[in-house]
Structures are given as structure tokens and as C-alpha cells.
Amino acid sequence: MSGKYEELLKKCRGLEAIPTAVAHPCEATALTGAIEARDQGLIVPILVGPRAKIREIAKKAKVDLEGIEIVDTPHSHDSAARAVELVREGKAELLMKGSLHSDELLGAVVARETGLRTARRVSHVFVMDAPTYHKVLLITDAAINIAPTLEDKVDICQNAIDLARVLGLKRPKVAILAAVETVTSKMPATIDAAALCKMADRKQITNGALDGPLAFDNAISKEAAKIKGIESEVAGDPDILLVPDLEAGNMIAKMLSFLGNADSAGIVLGARVPIVLTSRADSVRSRIASCAVAMLAAHARRKTAETVVK
């Protein structure tokens with residue numbers, strides 16, 4: 001692993017590996033991703049799924065499961081529920097998706113009586129290493145909230161800011177994207193963007209520098225912003241891209257990956273613990289990077305809990 005993700009792994013060195021419930025790792029990449037994250041010292045995996053199937057996959061993939069706890073469950077739905085239960089019991093501080101559908105895992109997470117809800121809305125953040133951009137770029141939300149309301153976007157934005165601060169940024173810069181950089185009632189996303197900026201002024205969103213609406217070009221390029229006459233500390237140098245809806249975010253993230261050769265890590269925030277939510281098509285490299293981000297978030301959560309206790 002090289003580039004910006006290598007810097008991410010450096011931040012993890014010397015930190016204690018985090019107990020992690022891995023839900024239904026019944027496919028070779030999901031299983032090897034968890035094991036390699038363990039070998040990197042990031043997590044202590046607890047594999048939750050059909051024991052015989054996991055052992056069979058491990059044998060075919062030549063993965064050594066010596067010393068790794070396996071919690072036997074009959075099927076993926078039960079794997080998701082049991083993995084969440086391990087977190088509620090305090091036996092795991094991270095949740096990691098295996099080879100089940102995201103909806104199955106998130107359904108268990110948001111269950112009212114047995115899940116991991118908090119006052120915050122759950123949202124997803126892509127942490128992207130794009131070769132053509134000068135630093136790690138966070139994109140949110142491109143995986144969970146389909147058509148977020150203004151109130152949803154407040155939580156989505158705050159979740160991303162909090163993660164960026166965990167990654168070492170004191171005051172992350174947030175570009176709130178729309179198709180244009182002017183406010184117009186014909187495009188509701190521009191009104192949401194303007195409202196979010198004012199909400200930040202009123203401390204309803206904290207610890208970030210927000211600007212928007214910004215079109216993608218003048219959000220990413222200082223030159224494009226200059227041509228448009230935009231004076232902003234965010235334009236041309238954002239740490240976070242806050243997208244108007246899931247479709248826009250998903251397209252941006254996938255275009256960066258498939259046309260821009262970007263690597264992407266994925267994490268879900270807003271629940272009781274960070275959740276590693278990778279695609280079944282993701283490489284082991286992406287899964288390790290996702291675990292690194294989640295590990296840092298889990299350690300930050302520990303520090304917060306210790307401060308509250310004191």
C-alpha cells in the first residue's frame with residue numbers, strides 16, 4: 001500500500017487493534033480482507049457466520065484461522081443480528097460487513113429495539129485517494145441516504161467533519177455541491193447548501209469551514225473558482241465533498257475510481273460504533289484502508305468516552 005493510504009496506516013501504528021465483529025465473511029475477499037487487517041494490527045476479528053462454510057472458504061483461500069473466534073450462525077440475516085448483538089454486549093467495538101447485502105447489515109444496525117441507533121442519522125463516507133488530487137478526499141453520502149432532507153444533511157455533514165478531524169484535520173473544508181454556484185429556487189440543492197452554510201455560522205454545524213453551493217469544477221479547481229469570481233477558502237482545496245443526493249455522490253465516487261484510478265475506503269458513521277461497509281467487489285487493499293479509518297474512529301470514540309467518565 002502506497003501514497004496517501006500509507007500515511008493513513010502510519011497513524012494506526014502503535015495503536016491497539018480493535019475487536020471487530022465481521023458479519024458473514026462467506027466469500028474469499030471478505031474473509032482475506034479481515035485476516036489481512038488483523039495481520040496489519042488493525043483489528044481483532046470475530047467472524048460471525050456459518051462455521052463450516054467459513055472454514056471451507058479459508059481452506060480454499062489458504063487462510064489460517066488459528067486463534068480466531070468464530071460465532072456460528074445459520075444464515076446471513078442471523079449473522080447481521082448476532083454481529084450487532086456482539087457490539088451491544090461490548091465484545092466488539094467495530095462492525096465490518098462481510099459478503100452479505102448492505103441492507104441486511106444496516107437493517108440490523110437501525111433496528112429500534114436491538115440495533116445501534118444514536119441521535120445522529122447514519123451516513124456513509126468514502127475516503128478516496130485520487131492520484132490527481134493533492135490530498136485525501138472525503139465524499140458523503142454516496143451509499144445510504146437516497147434523497148436527504150436539509151436536517152439529514154446537517155448530520156451527514158457533521159459525521160464527515162468529525163471523521164476528518166479524527167484523520168488529523170483541525171478545521172476540515174467542506175464543499176457543498178450542486179450543479180451551479182448560485183442560489184436558485186429552481187434547484188433545491190442550492191438552497192440547502194446556502195442554509196447549511198448559515199447553520200454553520202450559527203454553530204448548528206461545528207468544527208468545519210463550509211461553502212456552497214459550489215459546482216464540482218469550482219469546488220475542486222482554484223482556477224475554475226477564480227474564473228467564476230468565487231472568493232473562498234474552500235474552493236479549490238476541499239477536504240470533504242457534500243453531495244446533494246446519493247445518485248450524484250455514487251456517480252462521482254465511481255467515476256473517480258474507474259476513470260481516475262482512485263482507491264476508496266468506506267465507513268459508516270452515526271451509529272454507536274463505526275461500521276466498515278465495503279462493496280463485495282472491493283479489493284483487499286480497499287478493505288484494509290477502510291479498517292484503518294474505522295480503527296482511528298474507534299480510538300477517537302474511546303478517548304471521548306474516557307473524557308466523559310472523567
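This is a predicted model: local features need pLDDT of at least 70, side-chain atom pairs count only at pLDDT 80 or more; totals for chains, interfaces and linings use all residues.
Figure 1. When residues up to four places away in sequence are not counted, Thr 184 touches Thr 190 and Ile 191. Pro 213 stands 29 residues from Thr 184 in sequence, and the C-alpha atoms of the two are 9.9 Å apart in space.

**Figure 2. Thr 20, a buried residue of strand 1.** Thr 20 lies in strand 1, which spans residues 18-23. With a relative accessible area of 1%, Thr 20 is buried, because that term applies to values under 20%. The side chain of Thr 20 reaches the backbone oxygen of Ile 18 at a distance of 2.8 Å. Leaving aside neighbours within four places in sequence, Thr 20 is in contact with Ile 43, Val 44, Pro 45 and Ile 46, and also with Ala 92, Leu 94, Leu 95 and Met 96.

**Figure 3. Leu 167, a buried residue in a loop.** Leu 167 has its place in the loop between helix 6 and strand 7. The relative accessible area of Leu 167 is 13%, and the residue is therefore buried. Not counting residues up to four places away in sequence, Leu 167 touches Leu 8, Lys 11, Val 127, Leu 138 and Leu 296. Arg 88 is 79 residues from Leu 167 along the chain, and 26 Å separates the C-alpha atoms of these two residues.

**Figure 4. The buried residues of helix 5.** Helix 5 comprises residues 102-110, and its buried residues are Leu 105, Leu 106, Ala 108 and Val 109. These residues lie on the same side of helix 5, because they cover an arc of only 155° around the axis. The partners against which the buried residues of helix 5 pack are strand 1 (18-23), helix 4 (76-88), strand 4 (94-97) and strand 11 (275-276).

**Figure 5. The largest pocket and its lining.** The largest pocket holds about 610 Å³ of space. Its lining is formed by 26 residues, and Phe 126, Lys 254, Thr 278, Ser 279 and Asp 282 lie nearest the centre. Two or more lining residues come from each of helix 5, strand 5 (123-129), helix 10 (246-258) and strand 10 (263-269). Helix 10 gives the largest share of this lining, with six residues. Sorted by class, the lining of the largest pocket contains twelve nonpolar, ten polar and four charged residues.

**Figure 6. The second largest pocket and its lining.** About 430 Å³ of space lies in the second largest pocket. This pocket is lined by 17 residues, and those nearest its centre are Arg 120, Asp 162, Leu 269, Ala 297 and Arg 301. Helix 6 (150-166) and helix 11 (284-309) each supply at least two residues of the lining. The largest share, five residues, comes from helix 11. By class, the lining of the second largest pocket consists of eight nonpolar, four polar and five charged residues.

Note on methods:
Residues are numbered from 1 along each chain as its sequence is written. Side-chain values use heavy atoms; hydrogens and water are left out. Buried means under 20% relative accessible area, exposed over 50%, partly exposed in between (1.4 Å probe, protein chains only). Helices (H or I, at least four residues) and strands (E, at least two) are DSSP runs, numbered from the N terminus. The arc is that of the directions from the helix axis to the C-beta atoms. Contact means heavy atoms within 4.5 Å. On a 1 Å grid over the protein atoms alone, a cavity is a set of points where a 1.4 Å probe fits but cannot get out, and a pocket is an open set with protein on both sides within 12 Å along at least five of seven lines; lining residues have an atom within 4 Å of a point. Grid points are joined across faces, edges and corners, and a volume is the space filled by probe spheres set on the points. Ala, Val, Leu, Ile, Met, Phe, Trp, Tyr, Cys and Pro count as nonpolar, Asp, Glu, Lys and Arg as charged, and the others, Gly among them, as polar. A polar contact is a pair of N or O atoms within 3.5 Å; within protein, one must be able to donate a hydrogen and the other to accept it, and residues adjacent in sequence count only if both atoms are side-chain atoms.
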